[in-house]
Amino acid sequence: MRTREQGSVLFAGVLVMVATLVIIQLWLLTAALEALLAHTYDVLVPAAIGSLVLCGANGLLLRYVITFDATVRRGR
Amino acid sequence: MADDQKDAAVPRWREDFPVRWDDDHYLTRRELAKFLTLGSALLAGASGLLAVAGTRADTQTWPDSVIAGASGLLPGTSLLFRYPTEADPCILIKDGRGEVRAYSQVCTHLSCAVRYEAAGNTIACPCHKGLFAVEDGRPTGGPPTRPLPRIRLERREDGFHAVGVDV
């Protein structure tokens with residue numbers, strides 16, 4: 001039961017992190033669109049790479065939390 | 001027989017509510033995490049598309065186009081032409097001192113057509129009273145925040161040629 005409570009807190013923490021990273025990605029996309037319209041092309045590739053890295057981080061967090069969830073369920 | 005016993009053991013309401021109450025929040029959170037990660041992937045893809053679009057636009061080559069009637073333009077007047085395509089209206093301006101410059105005619109605020117006002121030696125947008133400097137196309141008044149794209153000109157024997165766009 002204790003592990004389950006810990007898992008719940010962990011899940012909430014991971015969700016907050018994922019949501020924060022998604023908001024940063026949204027900001028990056030907005031900035032990139034602004035730069036494209038202003039014809040400032042040199043920031044577009046770094047913005048895309050940054051967004052990709054954040055997406056990878058989100059994927060890893062999701063994988064971790066799903067693995068943890070499965071472990072908790074198996075232990076019940 | 002075994003199926004009947006199983007059906008009897010599981011109440012019918014369980015079919016409509018298959019998730020235990022204390023598992024409900026957990027399940028919803030997992031779905032939300034998946035949804036957010038999917039959104040994250042879509043945002044990364046959109047950023048990648050913007051980067052590709054920017055790379056293509058950066059390597060754009062401009063046509064060389066003669067501007068008919070530009071040589072005979074009087075000081076303090078302007079001439080409309082199209083560059084680089086027929087869908088891109090531009091304005092060529094000869095100010096009071098005889099200096100010739102050309103800009104995109106599309107206002108950077110909401111895409112109205114700008115015009116040259118010789119009295120104030122300025123480029124004005126009639127829609128929302130936006131103003132641009134004749135010297136370099138920078139916004140000097142009203143809502144526009146970005147300068148007008150400038151058309152590169154070359155003067156040759158047969159008149160003025162548009163050879164590129166500085167944005």
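Two residues are in contact here when they have heavy atoms within 4.5 Å of each other. By that rule, 35 residues of chain A are in contact with 27 residues of chain B. The model is a predicted one, in which local features need pLDDT of at least 70 and side-chain atom pairs count only at pLDDT 80 or more, while totals for chains, interfaces and linings use all residues. Residues are numbered from 1 along each chain as its sequence is written, chains are lettered from A in the order in which they are written, and side-chain values use heavy atoms, with hydrogens and water left out.

The size of an interface is often given as the accessible area lost when the parts come together. Chain A and chain B bury about 2,700 Å² between them, 70% of it on carbon and sulfur atoms; this is the accessible area (1.4 Å probe) that the two parts lose on being put together, summed over both. On the side of chain A that touches chain B, α1 (2–37) and α2 (44–75) of chain A each supply at least two residues. Helices (H or I, at least four residues) and strands (E, at least two) are DSSP runs, numbered from the N terminus. The most comes from α1(A), with 16 residues.

By class, this side of chain A has 24 nonpolar, seven polar and four charged residues. Ala, Val, Leu, Ile, Met, Phe, Trp, Tyr, Cys and Pro count as nonpolar, Asp, Glu, Lys and Arg as charged, and the others, Gly among them, as polar. Across the interface of the two chains the rule finds zero salt bridges, a salt bridge being a side-chain nitrogen of Lys or Arg within 4 Å of a carboxyl oxygen of Asp or Glu.

One residue of helix α2 of chain A is S51(A). S51(A) is buried, with a relative accessible area of 0%; buried means under 20% relative accessible area, exposed over 50%, and partly exposed in between (1.4 Å probe, protein chains only). Leaving aside neighbours within four places in sequence, S51(A) is in contact with Q25(A) and L28(A), and also with L43(B), A44(B) and S47(B).

In chain B, strand β10 (residues 159–166) has seven of its eight residues buried, so it is largely enclosed by the rest of the structure. Two strands pair if DSSP finds at least two bridges between them. Strand β9 (residues 150–156) of chain B pairs with β10(B) in the antiparallel sense over seven bridges, and a hairpin joins β9(B) to β10(B) through two residues. Strand β1 (residues 65–66) of chain B also pairs with β10(B) in the antiparallel sense, over two bridges. H161(B) in β10(B) stands opposite V66(B) and is the bridge partner of E154(B).
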